[in-house]
Amino acid sequence: MGLGTVWFVGAGPGDPDLVTVKGRDLIARAGAILFAGSLVNEAATRWAPPGCVIADSKDMTLEQMSAWLIANAARCDTVVRLQTGDPALYGTLIELVQPLDAAGAPVAVVPGVSSAMASAAAAVESFTLPEVTQTTIFTRVEGRTPMPDGEDLAALAAHRTTLCIFLSITLLHKVEAGLRQAGWPDDAPVLVVHKASWPGEERIVRGTLATIKQQCRDAGIVSQAMVIASPTLGARHWPELTRSRLYDPGFTHRFRKATT
Ligand code: SAH
């Protein structure tokens, strides 16, 4: 008999309602679920069927995790690995897929709502605005994982685009230094969202390059936070905005003829 499929399911940023319908259906028919205990809200496992084997991977090594997934794929059709946010960002997707490939276990991925998107939603911000920026960079600053050449924050910030900075809330001094080196001014807006989407726990801190570190320190925010620096922040309150051309009355496109 062949092995069952191992599904890498994006569990979303924290609110169980932000697991996709497809992810929820897979959880509901899973024979085994391995979840990332430190980050995924346990509530994500609330749809698991009776008898489902559920384990927390927080104390496991990568070898133990892949062995667990393979052992369970040997006895059930559907094995779910729940990953925080979207599995394609700062997860262990490829490290886990390689041993599964080697073992001959089929693998599939279900995308999830990334915490970057949940943070924008929490603060009612847009990463892109016409004629302000049309680009968003997902990055981090160097912690124990070294940054590849050419990807230090100062180099990326030089583009003046939206920056979603993961895994860096304890390294705000490096964020600040990188942005300053790229010429961002003291009053550049910076947003920090802690536990975006977590019911009752989400916190939003709005500051500037000069103030955000102290504000986060005062608020005691030391983990699970997204740092966003962007020329679009606060646009909700701008008196003048360049409108998206797609909805401009004078702009003809595939679905609508210009009226002016
Ligand atoms: N794959 C995940 C990211 C995992 S890395 C995703 O797509 O969101 C973990 C980092 O993600 C944390 O250090 C933090 O920067 C961010 N993060 C995860 N959940 C978060 C949340 N609910 N609110 C804000 N940031 C979060």
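How many aromatic pairs does a search of the whole structure find? The search turns up 2 aromatic pairs, and bear in mind that what you're looking at is a predicted model.

Let's start with Y90 and F166. Their ring centres sit 4.8 Å apart with the planes at 45 degrees, so this pair counts as tilted. It ties together distant parts of the chain, 76 residues apart: Y90 is in the loop between β4 (78-83) and α3 (93-103), while F166 belongs to strand β7 (residues 162-166).

F166 also pairs with F138, and here the centres are 5.8 Å apart and the planes at 70 degrees, so the geometry is edge-to-face. This pair, too, links distant parts of the chain, with F138 in strand β6 and F166 in strand β7, 28 residues apart.

| Residue | Relative accessible area | Class |
|---|---|---|
| Y90 | 38% | partly exposed |
| F138 | 34% | partly exposed |
| F166 | 8% | buried |

F166 counts as buried because its 8% falls under the 20% cut-off.

Now for some charge. On the surface, E142, D149, E151 and D152 gather in a patch of negative charge. One of them, E142, lies in the loop between β6 (136-140) and α5 (153-157). With a relative accessibility of 37%, E142 is classed as partly exposed.

How values were computed:
Residues are numbered from 1 along each chain as its sequence is written. This is a predicted model: local features need pLDDT of at least 70, side-chain atom pairs count only at pLDDT 80 or more; totals for chains, interfaces and linings use all residues. Side-chain values use heavy atoms; hydrogens and water are left out. Patches are made of residues with over 30% relative accessible area and no salt bridge: like charges are joined within 9 Å, nonpolar side chains (Val, Leu, Ile, Met, Phe, Trp, Tyr) within 5 Å. Accessible areas come from the Shrake-Rupley method with a 1.4 Å probe; for residues, only the protein chains shown count as cover. A salt bridge is a side-chain nitrogen of Lys or Arg within 4 Å of a carboxyl oxygen of Asp or Glu. Lys and Arg count as positive and Asp and Glu as negative; His and the chain ends are not counted. The place of a charge is taken as NZ of Lys, CZ of Arg, CG of Asp or CD of Glu. Helices (H or I, at least four residues) and strands (E, at least two) are DSSP runs, numbered from the N terminus. Buried means under 20% relative accessible area, exposed over 50%, partly exposed in between (1.4 Å probe, protein chains only). Rings of Phe, Tyr and Trp (its six-membered ring) pair if their centres lie within 6.5 Å; planes under 30 degrees apart count as stacked, over 60 as edge-to-face and the rest as tilted.
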